[in-house]
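Reader: I have a model open and a few things to ask. Can we go through it piece by piece?

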Amino acid sequence: MAEMNANANKFEFKAEMKQLLHLIIHSLYTNPEVFIRELVSNASDALNKVRFRLQSEEAVYSPESELNIKITLDKENNLFSIEDTGDGMSHDDLVGRLGTIASSGTLKFLEQMKESKQAIDSNMIGQFGVGFYSVFMVTDEATVESRSSALDGKAYIWQSDGQSTFTVSEGTRTERGTKISFKLKDEYKQYLEDYTVKGILKKYSNFVDFPLSVNGEVVNTVSALWHKKKDDVKPEELTEFYKFITNDFEAPLGHLQLNIEGNVNFKALLFIPATAPNTLFKDVAEKSVQLYSSKVFIQDDCKELLPDYLKFVRGVVDTEDLPLNVSREVVQSSPVMSKIKNVLTSKLLGLFDEWAQKDKEKYDKFFKNFGSLFKTGVTSDYTNKDKILELLRFESSAQPKGETTSLCAYAGRMKPDQKEIFYLLGERRDTIEENPKLEYYRKHDLEVLYLTDTVDYFTIPYIFEYDKKPLISIEKAEIKADDAEVSAEAKEISVDIIKSFKDILGDKVEDVRVSNRLVESPVTLVAGANSLDPQMEKMMQVFDKNFAKTKQILEVNMEHPLIKNLHNMMQSGKNVSEYVGQLYDGALLLEGSLNSPADYVKRMTEIMLEATKK
Ligand code: ADP
Ligand code: MG
């Protein structure tokens, strides 16, 4: 270990930093082996920076040095060390980067995690910029010797116990890069065993893009898989690579490997995960596709490479068409990016279509997991809207519960004179099936799509039609009189009934009409031609408490015995307003928008009282 230099400068960690170190060492890591992953990851970052600068022809100290990472396990001296030929750190870097917390919110966040007793996932730690300090779990003192890649750089040694102070002094290292070394605490001597360390490296660091050796033996598969020919890539390699870039523990549902040449040039290796994160709409956007330029890593949260509705896709895109020394801003606005995005989108839609045609089980799994997000494509991607429409799946009255249909299959089952595709929005299939509006469609054997996904409320207004067949909510579909046979008796009573219902209900409804859609139920509420679907209105009310519900139209089934009875009562001069009120409230109740169940129940009690008297 480097001796403490006489001219060493001593620094005190800031209070916040001390707290952080304490937290990291004593409560955050449950899994000490991750220190190896963190150190390798830092070495790999440092090497990437050098490679990047070499390729963009910047002046770099010792440009001929091989880019690699060497781990040395010295059992005799109980010494673990890891050395890289990366970009190294200057005196100020050592003080700044290894002495302070990169982000001021980090400590607060980690403390909250600790308080809420949430286990810190060892995969998360890297995200907080505190990975380096994980070495203090396994050692009482660490030494970092570094020679920066600046031409006029000097070597410096950073040393600390990871508790309260660190020192920085001049060093003797002449090679570019960084060497970190430390003695292992007694209880962590296993990290001096070759096979243990190799096992850990296989698990976390197999795809590090630089040779990584343990006691002189290279242990990783250095390969940019996406540069290989499709046929040369083994399925196990794909799975391993996917797990490496995503930290997923499951194999992906499928993948897509592309080698595109022409208008835009890139290689890509994309994966569709087998399961969706809990909060699909939130989580997936964080990390999706990593961008490389000629094997040099550029950034890993490249939002410009995929449209939002495909953000569940993970993987790597590598293009020579971007200059290497690009800034984030340049990447964002580069036309290369939008060209790549277009190709990726179309290829992915092609892949999904292939699944849909050839592997229904796989496609259904995909749609079940990602359908909600995927659907939103119809609201934003006009170019591919038709392709997306083909890929949508819905439950329907023609399918058993849990199974779905495409619009194409629905269209194939349409009656010869049926011009429209019918649907009904609702929270669940069983509540939808109770809706009296279905009676007419059931009787006439017309298929109705059951839209039960909340996202449907937003996407359906963008669909309008499929294959020139308009999509119509059966809440609003007009059913023409000649579609249903109306009896003479019904025609006769309808004038009186409508007048009296209107008098009784007043401005609670927009209108009262003869219903041609009801078979078993006496009344139902329908939306006026220009108003929103009632389910849609409910949705609006969730977002906007002041949203004013539009009035609905009450449709009355003149063939229903109850309506006929009411007509008789009216003819003999009896008051029917309680019954009408009850019918109206009942219709609201079925729709889920009855606000005063107390009145409803009170009226029902009175009616039952009357009925049981006789
Ligand atoms: P992060 O890697 O997320 O930034 P770390 O705690 O792992 O957080 O590392 C802190 C910083 O220390 C890095 O950002 C980097 O600037 C510097 N660093 C750590 N290890 C090395 C290394 N081997 N070579 C060059 N710089 C390094
Ligand atoms: Mg790190």
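Reader: Start with helix H9 (residues 335-358). What should its 24 residues span at 1.5 Å a residue, and how far apart are its end C-alpha atoms?
Author: This is a predicted model, to begin with. At 1.5 Å a residue, H9 should span 34 Å. Its end C-alpha atoms are 35 Å apart, which agrees.

Reader: Which residues of H9 are buried?
Author: Val-336, Met-337, Ile-340, Val-343, Leu-344 and Thr-345 are.

Reader: What caps the N-terminal end of H9?
Author: Ser-334 does. One of its side-chain oxygens sits 3.0 Å from the backbone nitrogen of Val-336.

Reader: Switching to H20 (residues 577-591). How far does it reach from first C-alpha to last?
Author: H20 has 15 residues and reaches 21 Å. That is close to the 21 Å expected at 1.5 Å a residue.

Reader: What do the buried residues of H20 pack against?
Author: Four helices are named: H17 (488-505), H18 (534-543), H19 (561-571) and H21 (597-613). Strands E21 (523-527) and E22 (552-556) are on the list too. The buried residues of H20 include Val-580, Leu-583, Tyr-584 and Leu-588.

Reader: Take H17. At what angle do the axes of H17 and H20 cross?
Author: At roughly 80°, and the axes come within 10 Å. Angles of 65 to 115 degrees count as roughly perpendicular, so H17 and H20 are described that way.

Reader: Which residues meet there?
Author: From H17, Phe-501, Ile-504 and Leu-505. From H20, Ser-577, Val-580, Leu-583 and Tyr-584.

Reader: Sheets now. In what order do the five strands of the open sheet run?
Author: E15-E17-E16-E19-E18, with mixed pairing. Strands E15 (395-396) and E18 (465-466) stand at the edges. Each has a single partner strand, so one side of each is left without a neighbour in the sheet.

Reader: In what sense do E16 (residues 421-425) and E17 (residues 448-451) pair, parallel or antiparallel?
Author: Parallel, over four bridges. Leu-425 stands opposite Leu-451 in E17.

Reader: Which helix packs on that sheet?
Author: H16 (residues 456-463). H16 touches E16, E17, E18 and E19 (469-473). Its direction makes about 160° with that of E16.

Reader: What about strand E12 (residues 289-293), how many of its residues are buried?
Author: Five of its five. Val-289, Leu-291 and Ser-293 lie on one side, with Gln-290 and Tyr-292 on the other. Both faces are covered.

Reader: Which strand pairs with E12 in the parallel sense?
Author: E14 (residues 314-319), over four bridges. Leu-291 has Val-317 in E14 as its bridge partner.

Key: Residues are numbered from 1 along each chain as its sequence is written. Chains are lettered from A and ligands numbered from 1 in the order in which they are written. This is a predicted model: local features need pLDDT of at least 70, side-chain atom pairs count only at pLDDT 80 or more; totals for chains, interfaces and linings use all residues. Side-chain values use heavy atoms; hydrogens and water are left out. Helices (H or I, at least four residues) and strands (E, at least two) are DSSP runs, numbered from the N terminus. The expected span of a helix is 1.5 Å times one less than its number of residues. Buried means under 20% relative accessible area, exposed over 50%, partly exposed in between (1.4 Å probe, protein chains only). A polar contact is a pair of N or O atoms within 3.5 Å; within protein, one must be able to donate a hydrogen and the other to accept it, and residues adjacent in sequence count only if both atoms are side-chain atoms. Two strands pair if DSSP finds at least two bridges between them. Contact means heavy atoms within 4.5 Å. Axes are lines fitted to C-alpha atoms, for helices over the stretch in contact, and angles run from 0 to 180 degrees between N-to-C directions. Angles under 35 degrees count as roughly parallel, over 145 as roughly antiparallel, 65 to 115 as roughly perpendicular and the rest as oblique.
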